[in-house]
Amino acid sequence: MNRYDVVVVGAGPAGGQLARSMAVSGFKVLLVEQHEDFSRNDFSSAATLLSTLEQFSLPESIVGSFWSDLVAVTTNTKHVWTSPEKLGAVLDFAKLKQFLANEVQSHGGDVRMGYRYVRYSQNDGETLVTLKERAQQRLETVSTKVLVDATGFARSVMYEKRRDQPELIGATGIEYVIEVDEETYRKYLDSIFFFLGYEWMPKGYSWVFPMEKYRLKVGAGRFNLDHKIVAHTESLRHYINILIRKHVKPKHYEIVDVHGSMIKYSKGLKDIYCRDNVIAIGDAVSTVNPLGGEGIRHGMYSADVAAAHIKRYLENEITDFRAYAVQMRRHFLPKWDSSANESIKRYLIDSDRRIDNSFSYLGFLTTKEIIGVLFYYKRGGLLKGFLRYLTSRMFAVFAK
């Protein structure tokens, strides 16, 4: 039987980052991924700030494109925020996960592709983890000192049965990768586009992000809850096709890939963060932001926090992970609860006119300020924009 210091189930950004950190520190690590290769699970719009690359020591080779402009389109308005410098990147999600897995291996860790987590048990002081090789349906058991749940919304390790999970708010997304003509591609180069309102995506939002040459990510995501006003919605593919037809308007295009996934968020962060020597990270503890759906850098942050506690545990400095749970809740809970309340209001209650007005107010913010609202979840941005809007109207009145 193979024995490890840490077994990480799930090789997404959070799981890969944690396994990488532990392997770099000299611990014996196993990273487990259920898919045979990372292109099989390539869903993520993956737009992030430029600082994410530096924060997590990520190479430019995993970047699909860089962006310097933000564009928000509602049913009746359009607002553009520009910058002379790069503000962020659209990551190639498969390349990101492959890079992290390669890092694990280069520092002596093991990576198992195509293995599904089955269960774990405690036996004579050992934690035994049972895995199943998908191709041959062969069972394998390994032993570990620490077991990490990085299975995302499935939460497969921490909860044996789905009914044991806390109440979760779910959202579903689909994304096309399309190859377009050069003229169309240049319209979206250096910019990330967000679309809100009933025409584009009731109960959520849609997007167009540039990738490598002539390729665009065109996606849509929405909450799996009823809308207060909109009684009926079409399929996600319907709204993606509307986006391609009415906004992208390519001379010709080819669908290169279609992928989809979902997120499940625990309002109030009621997830179980740890149990004995089992610890959960990433979307398994609701690190995805419920307002914008951004998850990569937050999941990787949770991995770094967990790694620090796991190292102390393995070095016998601590005997449990309760401090990890406290630190995570302290970091995420205030802003995440505020984001959850705002997302329900914005996506499930607001009228189309109110959405238009909100972005008209945000249009008075500077690029730096809108980055603060969208990526740092700073409250007060809408109020600041509204006050500037009123000021502009007053000047207009007095000027007549």
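Two cavities of 30 Å³ or more turn up in this structure, where a cavity is a set of points, on a 1 Å grid over the protein atoms alone, at which a 1.4 Å probe fits but cannot get out. Grid points are joined across faces, edges and corners, and each volume is the space filled by probe spheres set on the points. The model is a predicted one, so local features need pLDDT of at least 70 and side-chain atom pairs count only at pLDDT 80 or more, while totals for chains, interfaces and linings use all residues. Residues are numbered from 1 along each chain as its sequence is written, and side-chain values use heavy atoms, with hydrogens and water left out.

The largest cavity holds about 60 Å³ of space. Its lining, meaning residues with an atom within 4 Å of a point, consists of Leu-196, Gly-197, Tyr-198, Met-201, Pro-202, Lys-203, Gly-204, His-227, Arg-346, Tyr-347 and Ile-355. Six of these residues are nonpolar, three polar and two charged; here Ala, Val, Leu, Ile, Met, Phe, Trp, Tyr, Cys and Pro count as nonpolar, Asp, Glu, Lys and Arg as charged, and the others, Gly among them, as polar.

Around it stand Ile-169, Gly-170, Ala-171, Phe-223, Ile-263, Tyr-265 and Pro-290, a lining of six nonpolar, one polar and no charged residues. Strand β12 (169-180) and strand β16 (253-265) each supply at least two of the lining residues, and β12 gives the largest share, three residues. Strands (E, at least two residues) and helices (H or I, at least four) are DSSP runs numbered from the N terminus.

Next come the nonpolar cores, sets of buried Ala, Val, Leu, Ile, Met, Phe, Trp, Tyr and Cys residues joined through side-chain atoms within 4.5 Å. In the largest, of 57 residues, Leu-18, Met-22, Val-148, Ile-281, Ile-310 and Tyr-324 touch the most other members. Beyond four places in sequence, Ile-310 has contacts (heavy atoms within 4.5 Å) with Val-6, Leu-18, Met-22, Val-146, Val-148, Ile-279 and Phe-321. Apart from this core lies another, of 27 residues, including Ala-72, Trp-81, Phe-194 and Phe-223.

Arg-20 belongs to helix α1 (residues 13-24). Arg-20 counts as buried because its relative accessibility is 8%, the class being under 20% relative accessible area, with exposed over 50% and partly exposed in between (1.4 Å probe, protein chains only). A polar atom of the Arg-20 side chain lies 3.0 Å from the backbone oxygen of Ser-57. Leaving out residues up to four places away in sequence, Arg-20 touches Phe-56, Ser-57, Leu-58, Phe-99, Leu-100, Glu-103 and Val-104.

Conventions. A polar contact is a pair of N or O atoms within 3.5 Å; within protein, one must be able to donate a hydrogen and the other to accept it, and residues adjacent in sequence count only if both atoms are side-chain atoms. On a 1 Å grid over the protein atoms alone, a cavity is a set of points where a 1.4 Å probe fits but cannot get out, and a pocket is an open set with protein on both sides within 12 Å along at least five of seven lines; lining residues have an atom within 4 Å of a point.
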